[in-house]
Number of protein chains: 2
Amino acid sequence: MKKEDFENYESLLLDNQLCFPLYASSRLIIRLYTPILEPFGLTYTKYIVMLALWENDHLSVKDLGDKLFLDSGTLTPLLKKLEVQGLIHRERSPEDERNVMITLTKKGQALKEEALVIPQKVGACLNLNPEEFKELHRLLHLILKDSIKTKCGI
Amino acid sequence: MKKEDFENYESLLLDNQLCFPLYASSRLIIRLYTPILEPFGLTYTKYIVMLALWENDHLSVKDLGDKLFLDSGTLTPLLKKLEVQGLIHRERSPEDERNVMITLTKKGQALKEEALVIPQKVGACLNLNPEEFKELHRLLHLILKDSIKTKCGI
DNA sequence: CTCAATCAAATTGTTTACAATTAAATTGAA
DNA sequence: TTCAATTTAATTGTAAACAATTTGATTGAG
């Protein structure tokens, strides 16, 4: 085996991947959320939908998808479940019947108050100091904003 | 609404979450891998299993699970598919019949050579400079190593 | 105006991910 | 030595995630 071949194999080491720790830590943190969200009747994906709506009520499925990087194939069944739970209301927009508008119910609005404990509980499990938190946040948003959409047409 | 209530709601802003950009960028990068891996007959999860085996052949399902933070419920069906594809071989350990040992076939070993193009193609899509790459890598491994297992019993 | 192109949501089918349970092998304390 | 506890894989059932397609509404070029 030539030297340059040996060196190339470095790029296949698990420890040299960026995507792997991204994928693994994402799943690990979602697993951390799961038991905390369970008493609220929320899964992690339902939770981020609620976060988006608490921040900005009355969004279309498309708006939610753009914010959360999810498509209607994921959102539609999930939103139907949130509707059954009485947290949101789904209604076709009269102005443009292509759009389905999502609105919080009273119950959905009220849940925001109770949800305040969630970030506290999760934050207590992460050993990152504020600078590390901030830097990680910055780098991840760099990936979300620049890297992929611009250069690789996703 | 009291002032302190208003300030607490900050913690529920999507943009103040760490988990959300982690989750979103992880999925975004996996979507980036998908078309690159497709010609090799690999999905992202199959790919990281192959990475682990290229690095260290002859691992048990448990070993793989520990390395990749995956359980047998995910790995067993996936390994069966890799076996059907002729990339690996599954065999119960004679020493301890609880363990199923995973070994690369000739074809699985040979694929390593072709896979060398994968990190190049993916790397070209990420706008991170080497320092940012390194720092992101460090912070993610910090999450994987310390934060969760130690403090929150996962 | 009109109809082809576009757009949004829903649907269908496949792959992951994981909790919970089961089955079989191994270990170790009494 | 023996059997209860532990360990490993596999299985079962559920929820996500997403590609591809379908349906229906809207837009805009000619």
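Trainee: How far does a backbone N or O atom of B:V100 lie from a phosphate oxygen of DNA strand D?

Mentor: This is a predicted model: local features need pLDDT of at least 70, side-chain atom pairs count only at pLDDT 80 or more, and totals for chains, interfaces and linings use all residues. Residues are numbered from 1 along each chain as its sequence is written, chains are lettered from A and ligands numbered from 1 in written order, and side-chain values use heavy atoms, without hydrogens and water. A polar contact here is a pair of N or O atoms within 3.5 Å. For B:V100, the distance is 3.4 Å.

Trainee: How many charged residues does the surface near DNA strand D have?

Mentor: Asp, Glu, Lys and Arg count as charged; Ala, Val, Leu, Ile, Met, Phe, Trp, Tyr, Cys and Pro as nonpolar; the others, Gly among them, as polar. Four residues are nonpolar and nine polar. The charged ones number 13.

Trainee: Is B:S93 buried or exposed?

Mentor: B:S93 sits in the loop between β2 (88-92) and β3 (100-104) of chain B; strands are DSSP runs of E, at least two residues, numbered from the N terminus. Buried means under 20% relative accessible area, exposed over 50%, partly exposed in between (1.4 Å probe, protein chains only). Because its relative accessibility is 6%, B:S93 counts as buried.

Definitions and conventions: Helices (H or I, at least four residues) and strands (E, at least two) are DSSP runs, numbered from the N terminus. A polar contact is a pair of N or O atoms within 3.5 Å; within protein, one must be able to donate a hydrogen and the other to accept it, and residues adjacent in sequence count only if both atoms are side-chain atoms.
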